[in-house]
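Q: I would like to learn how to read a few features of a model. Where should I start?

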Amino acid sequence: MCGIIGYVGPRPQRDVLLGGLKRLEYRGYDSAGLAVQSGERLRIVKAAGKIRELEARSADLDLSGTVGIGHTRWATHGVPNDINAHPHTGRVGRIALVHNGIIENYQTLRTLLEKRGNVFRTETDTEVLAHLVEEYLENGHDHPLEEAVRLALLEVEGAYGIAVIDSHSPGRLVAARRGSPLVLGIGEGEFFVGSDASAFAEYTREIIYLNDDEMAILGPDGYLVKNLENVELSPEVQRLEWELDRIEKGGFEHFMLKEIHEQPETLVDAMRGRVNPETGEVKLGGLQDVQGLLARCDRVIISACGTSWHAALIGERLIEEFARIPVEVEYASEFRYADPVFTPGTVVFVISQSGETADTLAALRLAREQEVPVLGIVNVVGSTIARETLAGVYIHAGPEIGVASTKAFTSQVTVLSQIAVLMGRLRGTLDTTRAREVLSEIVHLPAKVRQILEQADGMRDFATEFSGVGNALYLGRGYNFPVALEGALKLKEISYIHAEGYPAAEMKHGPIALIDQDMPVVVLAPGDSVYDKVVSNIEEIRARRGRVYAVATEDDDRIAALADRVVYIPRTLDCFYPLLAVVPLQLLAYHMAVQRGCDVDQPRNLAKSVTVE
Ligand code: F6R
């Protein structure tokens, strides 16, 4: 979703701003723009389409100056074009403002502002904020920029992360947030603001996370953070943990492919120092203080969106198997409006890679308002969800840049397995022998994923055979049903082929009508407890001349005889097959997208961090 970069300092503005915007491309966008303040004037350049358009359009302009802002827009109000691209200005063009989020009362404000003589040039909700700020600077008010921004923000409802510069305030940038993330970068004699730290990570590792209803004033004389009630704050300066190579492609053609190949390491990172196969114990530092709660609770709700929701479905099975507690999985977008019933022993988990997903955050807040303990499973350190949960576990997958989630999913499932074992041990439902068996296997999974990745090139041929299809069905049972959902989602989002995931036996209750020689069916058929049932489902597809592409356990000749094509994965415990079986499906979607010429890392209409509901 939209991205913001802002810079105060001596480096060439255009380089820092365009560089930052390129780092933010992964978030998803459809137009971009930048503004630089130099002397008493603002230079604004905007372009629909990719950042290279903006780069070309700004190449010959004098963009020297000591403060600038840049933006990638993901359209919500108004089509993606040059005019609607940010930055926006007010009536006299004195300020430039970029905004992530949605101003919910923009229609009312727009009517008021128009009555006061402001003329609107765009279809965006953001423009009202630009006019409001300018009114507080002009029209005899003459407030300093930060006060004008603060007063304007008191009038808006909705979510925002903003950065504003003013032609009359040399070298000064004001940023503020409510519901849309903003991070400050503190360098030597220079400051940055970004919707995430990757926008400026090459320049500084010292960062401050802004909280909701806080604003930052950056200028030649330093930085100041205060809240919207004008009270000065002393935020903690933190250090960025990950290295820069995590946000570079490292020789891979796409971030998604790099991230798929990173999984052997990210799985290790998700369990490092946490599991002990000898004792059968799991130690999760982030849950240390809530172990009593995990031992006593009698119901678990897991809420998430998209791929994280698929991980939650696997978590449901894991926790039910090992800890014997009923688990419900809820789409965060539904849960937040469902008036859910919370019983006294309920614990809620929220899962989010970005830690900023608006619906997941709303689900978290809803549960908290009702005094239900909410625990997080999050990737981005310091993100809003990580900060607002009572306690939680980081998955430590490192920055995930490809819009289609891959390594975060497998790390989420790895962490969920550990939580399930921990809860089982705390509650006495998982004995030491079984816990040792599970943990002895979990530590072998990175090597097994590596083994699958060694045949990664074979998935290209698999994809070639598959190409040309307009639809696909993905089937799985038990632990692998969520993998069918995830495989179908991966295919849809990056190759734009319609795909459905189904529990294999549900097929005969409807989707079987779709099966003929043109319908490819991807079947997850590892050697688990429902293997024979899945084989019967494959027979049903064959009987209707469907094309079967199977994921099976190595040396499985029975599946080889039935399927049109098989990809093999190593043997593991039932509960861990999702972590292996998903990898060929990620590769299949990837190669399909490449062969169809799709933009793998930034699929159309999608955003990496969905900060609007
Ligand atoms: C799919 C994908 C999305 C996200 C969803 C939740 O590949 O990436 O479905 O999983 O938007 O995002 P997070 O996990 O950041 O809350």
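This is a predicted model: local features need pLDDT of at least 70, side-chain atom pairs count only at pLDDT 80 or more; totals for chains, interfaces and linings use all residues.

Q: How many of the nine residues of α7 are buried?
A: Helix α7, residues 263–271, is mostly covered, with seven of its nine residues buried. These are Q263, P264, T266, L267, D269, A270 and M271. The cover over them includes α6, β15 (275–276), α13 (407–427), α14 (432–442), α15 (445–454) and α20 (577–595).

Q: Is I247 buried or exposed?
A: The cut-off for buried is under 20% relative accessible area. I247 has 3%, so I247 is buried. Its place is in the loop between β14 (238–239) and α6 (255–261). Leaving aside residues up to four places away in sequence, I247 touches R23, S198, A201, W242, F255, P399 and I401.

Q: How is a pair of aromatic rings described?
A: By two values, the distance of the centres and the angle of the planes. The count here comes to seven aromatic pairs. One of them joins F192 and Y203, which are stacked, at 5.3 Å centre to centre and 5° between the planes. F192 lies in strand β9 (residues 191–194) and Y203 in the loop between β9 and β10 (206–209), 11 residues apart. F192 has a relative accessible area of 0% and is therefore buried, while Y203, at 24%, counts as partly exposed.

Q: What is the geometry of the pair F462 and Y549?
A: That pair is tilted, with 5.4 Å centre to centre and 40° between the planes.

Q: Which residues do ring pairs link into a cluster?
A: The cluster consists of Y7, F192, F200 and Y203.

Q: How many residues surround the ligand, and which are the closest?
A: There are 14 residues around the ligand, and the closest are S308, S352, Q353, T357 and E493. By class, this shell has four nonpolar, eight polar and two charged residues. α9 (306–323) and α17 (481–495) each supply at least two residues of the shell.

Q: Where do polar side-chain atoms of S354 lie relative to the ligand?
A: One such atom of S354 lies 2.7 Å from an oxygen atom of the ligand. For S352, an N or O atom in the side chain is 2.6 Å from a ligand oxygen atom, and for E493 the value is 2.5 Å. The ligand taken alone exposes 400 Å², of which the protein buries 90%.

Methods: Residues are numbered from 1 along each chain as its sequence is written. Side-chain values use heavy atoms; hydrogens and water are left out. Helices (H or I, at least four residues) and strands (E, at least two) are DSSP runs, numbered from the N terminus. Buried means under 20% relative accessible area, exposed over 50%, partly exposed in between (1.4 Å probe, protein chains only). Contact means heavy atoms within 4.5 Å. A residue is near a molecule or strand if one of its heavy atoms lies within 4 Å of it. A polar contact is a pair of N or O atoms within 3.5 Å; within protein, one must be able to donate a hydrogen and the other to accept it, and residues adjacent in sequence count only if both atoms are side-chain atoms. Accessible areas come from the Shrake-Rupley method with a 1.4 Å probe; for residues, only the protein chains shown count as cover. Ala, Val, Leu, Ile, Met, Phe, Trp, Tyr, Cys and Pro count as nonpolar, Asp, Glu, Lys and Arg as charged, and the others, Gly among them, as polar. Rings of Phe, Tyr and Trp (its six-membered ring) pair if their centres lie within 6.5 Å; planes under 30 degrees apart count as stacked, over 60 as edge-to-face and the rest as tilted.
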